[in-house]
Amino acid sequence: MPSTWFCLAVHSPVPAKLAGFWARALGYQIVFEGPQGEVAIAKDEFSHPGMTFLPLDEPKHGKSRLHIELNPDDQDAEVKRLIGLGAGRVDIGQPTNAGWVVLADPDGNEFCVLAP
């Protein structure tokens with residue numbers, strides 16, 4: 001039997017802050033806060049996959065090797081909403097006519113917002 005995807009783990013200097021960003025971005029909620037600063041988010045406490053944010057006092061270096069791709073109904077509106085939540089536009093060498101927009105979360109982790 002194959003494995004079941006449980007969560008995506010993300011290291012962060014301030015896990016609670018980054019968890020809050022992604023919870024708002026995805027419409028998720030905080031489902032766990034641990035004693036060492038770890039924070040987990042998901043649609044609810046019984047849904048998977050979720051995201052877990054773990055403390056790490058090391059800055060991000062270089063382009064992310066793994067990233068999230070979001071598929072909204074309205075790309076322009078979603079990009080504006082995410083920027084309002086704390087994301088920022090980044091250039092990682094994507095073509096100027098790309099059908100996706102590259103943003104970075106408050107810790108600098110890139111993610112894409114696809115065109116519908």
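The model is predicted, so local features need pLDDT of at least 70 and side-chain atom pairs count only at pLDDT 80 or more, while totals for chains, interfaces and linings use all residues. Residues are numbered from 1 along each chain as its sequence is written, and side-chain values use heavy atoms, with hydrogens and water left out. The whole structure holds three aromatic pairs. One salt bridge is counted. The largest pocket has about 520 Å³ of space.

**Aromatic pairs**

- Rings of Phe, Tyr and Trp (its six-membered ring) pair if their centres lie within 6.5 Å; planes under 30 degrees apart count as stacked, over 60 as edge-to-face and the rest as tilted.
- A search of the whole structure gives three aromatic pairs.
- F21 and W22 form an edge-to-face pair, with ring centres 5.2 Å apart and planes at 85 degrees.
- F21 and F111 form a tilted pair, with centres 6.3 Å apart and planes at 55 degrees.
- This second pair links distant parts of the chain: F21 sits in helix α1 (residues 15-26) and F111 in strand β8 (residues 110-114), 90 residues apart.
- Helices (H or I, at least four residues) and strands (E, at least two) are DSSP runs, numbered from the N terminus.
- F21, W22 and F111 make up one aromatic cluster.
- Both F21 and W22 are buried (buried is under 20% relative accessible area, exposed over 50%, partly exposed in between, with a 1.4 Å probe and protein chains only).
- F21 has a relative accessibility of 0%, and F111 is buried with a relative accessible area of 0%.

**Pockets**

- The search uses a 1 Å grid over the protein atoms alone; a pocket is an open set of points with protein on both sides within 12 Å along at least five of seven lines, and lining residues have an atom within 4 Å of a point.
- Grid points are joined across faces, edges and corners, and a volume is the space filled by probe spheres set on the points.
- The largest pocket is lined by 25 residues, and V10, H11, K60, S64 and N109 lie nearest its centre.
- Strands β1 (7-12) and β8 are the elements that give two or more residues to this lining.
- The largest share, five residues, comes from β1.
- By class, the lining of the largest pocket has 11 nonpolar, seven polar and seven charged residues.
- Ala, Val, Leu, Ile, Met, Phe, Trp, Tyr, Cys and Pro count as nonpolar, Asp, Glu, Lys and Arg as charged, and the others, Gly among them, as polar.
- The second largest pocket holds about 170 Å³ of space.
- Its lining consists of W5, L8, L26, Y28, P49, G50, M51, L66, I68 and L70.
- β4 (50-55) and β5 (68-70) each supply at least two residues of that lining.
- The lining of the second largest pocket divides into nine nonpolar, one polar and no charged residues.

**Cavity**

- A cavity is a set of grid points where a 1.4 Å probe fits but cannot get out.
- The structure has one cavity of 30 Å³ or more.
- The largest cavity has a volume of about 50 Å³.
- K63, S64, H67, I92, V102, E110, F111 and C112 line the largest cavity.
- β8 gives the most to this lining, with three residues.
- The lining of the largest cavity has four nonpolar, two polar and two charged residues.

- A salt bridge is a side-chain nitrogen of Lys or Arg within 4 Å of a carboxyl oxygen of Asp or Glu.
- The side chains of E78 and R81 meet in a salt bridge, at 2.8 Å from N to O.
- E78 and R81 are three residues apart in helix α2 (residues 75-85), so about one helical turn separates them.
- E78 is buried at 14% relative accessible area, whereas R81 is partly exposed at 34%.
- Q75, E78, V79 and L82 are buried in α2.
- These residues cover an arc of only 100 degrees around the axis, so they lie on the same side of α2 (the arc is that of the directions from the helix axis to the C-beta atoms).
- The exposed residues D76, K80 and G84 sit on the face of α2 turned away from its buried side.

**Loop residue G108**

- G108 lies in the loop between β7 (100-104) and β8.
- G108 is partly exposed, with a relative accessible area of 26%.
- G108 and V90 are 18 residues apart in sequence and 8.9 Å apart in space, C-alpha to C-alpha.
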